[in-house]
Amino acid sequence: MKNLVILGGGYGGMKILNELLPNNLPEDVMITLVDRVPYHCLKTEYYALAAGTVSDKEVRVDFPEHPRLRVKFAEVIGVELQNKRVILKDAEPLNYDDLVIGLGCEDKYHDVPGAEQFTYSIQSIEKSRQTYSALNNLGPGSIVGIVGAGLSGVELASELTESRRDLNIKLFDRGKHILSAFPDRLSKYVEGWFKEHNVEIINNSNITRVEENTLYNNDNPIYCDVIVWTAGIQANKVVQNIDTEKDRSGRLVITPRHHLPTDEHIFIVGDCASLPHAPSAQLAEGQAVQIVEVLRKRWNGEEPPVEFPPIKLKGVLGSLGKKQGFGVMADRAITGRVARLLKSGVLWLYKFHNG
């Protein structure tokens, strides 16, 4: 039996499973999925889990079941390319014939002293639970500092202000306007929403260090009861430690077939891969479909395509609480109730097809 090992049950890993199972997996191939938790997590919704507006169960989807799918609950600590095996914490190494690395990302602290030690995170379901506990145990009038006003920071700030109107929320952003990756119209719309809901936006910020309950913006101390870091991501540490070519963000450089240039049996999917687009669930799923095509061609003794058409992204949607939203669909900016309904619909469809 050939062993296809998938590291990480995120959007890319889950899509590969759903493309192969139940009827597209050759009889001589077995799949081993390795993940730290026994379910697929909806990472795009961690902001709502942390804010306390959805339950833990609502951001989980069960992995599929199949006689030749083995799900192993373990933490990956290394990959030995020469020996074709995965090193696991407190478990025996795992051998593979083909390997898909989809271990996701982690916070990037930009060498800010104290940032990792004294801030909370929403980059994993475990950390989001800890953030939920910290935020929802705060007393009335407490101050919450959110560092980073990209999509994650904006969604967390908006959800939290609806969940806990008694809190004082400060949103720190390096630029002149929040959501710098979006059109100006959307940035101004979201800034107007925050002003209406008494969220303080601190533009042109530069967090120079963090201490317990205090962050320093341009070296000026600002007290916060809780500080949440959403100011950038980088590839998982396991990926950073793999001795092969990487980009400036620590992501692995891959071929048009999504595998390492030096090893056609090691595929990289999602936040770990160096791609021309910003990391997203859509991008990981698009990769997964193409990776499955490569694998199936090889398993059938056929030559896979040399390259694939560019992965088409439908757009980006963000929420402003439960009733308003914003986004870009087909290069068109949308705001308000329609954007929020679209995002809710996309989430419902995803859970329906995977649940």
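Colleague: Where is Asn213 found, and what is its phi?
Modeller: In this predicted model, Asn213 is found in the loop between β14 (207–211) and β15 (214–217). Most residues other than glycine have a negative phi. Asn213 is not a glycine, yet its phi is positive, at about 65 degrees.

Colleague: Which peptide bond is cis?
Modeller: Most peptide bonds are trans. In the loop between α1 and β2 (29–35) we find Pro22. With omega near 10 degrees, the cis bond is the one from Leu21 to Pro22.

Colleague: Is helix α1 parallel or oblique to α8?
Modeller: Two packed helices are described by the angle between their axes and the distance between the axes. For helix α1 (residues 11–20) and helix α8 (residues 281–299), the axes come within 8 Å and cross at roughly 40 degrees. Angles under 35 degrees count as roughly parallel. The angle here therefore makes the relation of α1 to α8 oblique.

Colleague: Is the crossing of α1 and α8 left-handed or right-handed, and how many charged residues does the contact have?
Modeller: The crossing in which α1 passes α8 is right-handed. On the α1 side the contact includes Lys15 and Glu19, and on the α8 side it includes Glu285 and Arg296. By class, this contact of α1 with α8 has 10 nonpolar residues and 1 polar, and the charged ones number 4.

Colleague: Is α5 roughly parallel or roughly perpendicular to α6?
Modeller: The axes of helix α5 (residues 151–163) and helix α6 (residues 184–196) come within 11 Å and cross at roughly 25 degrees. Angles under 35 degrees count as roughly parallel. The relation of α5 to α6 is therefore roughly parallel.

Colleague: Which residues of α6 does α5 meet, and is the crossing left-handed or right-handed?
Modeller: From α5, the residues in contact are Val154, Ala157, Ser158, Thr161 and Glu162; from α6, they are Val190, Trp193 and Phe194. The contact of α5 with α6 divides into 5 nonpolar, 2 polar and 1 charged. The crossing of α5 and α6 is left-handed.

Colleague: How much space lies in the second largest pocket, and how many charged residues does its lining have?
Modeller: The second largest pocket holds about 220 Å³ of space. It is lined by 14 residues, and those closest to its centre are His258, Leu275, Pro276, Gln290 and Ile311. By class, the lining has 9 nonpolar and 5 polar residues, and the count of charged ones is no residues.

Definitions and conventions:
Residues are numbered from 1 along each chain as its sequence is written. This is a predicted model: local features need pLDDT of at least 70, side-chain atom pairs count only at pLDDT 80 or more; totals for chains, interfaces and linings use all residues. Side-chain values use heavy atoms; hydrogens and water are left out. Axes are lines fitted to C-alpha atoms, for helices over the stretch in contact, and angles run from 0 to 180 degrees between N-to-C directions. Helices (H or I, at least four residues) and strands (E, at least two) are DSSP runs, numbered from the N terminus. Angles under 35 degrees count as roughly parallel, over 145 as roughly antiparallel, 65 to 115 as roughly perpendicular and the rest as oblique. A crossing is left-handed if the near helix is turned anticlockwise from the far one by less than a right angle, and right-handed if clockwise. Contact means heavy atoms within 4.5 Å. Ala, Val, Leu, Ile, Met, Phe, Trp, Tyr, Cys and Pro count as nonpolar, Asp, Glu, Lys and Arg as charged, and the others, Gly among them, as polar. On a 1 Å grid over the protein atoms alone, a cavity is a set of points where a 1.4 Å probe fits but cannot get out, and a pocket is an open set with protein on both sides within 12 Å along at least five of seven lines; lining residues have an atom within 4 Å of a point. Grid points are joined across faces, edges and corners, and a volume is the space filled by probe spheres set on the points.
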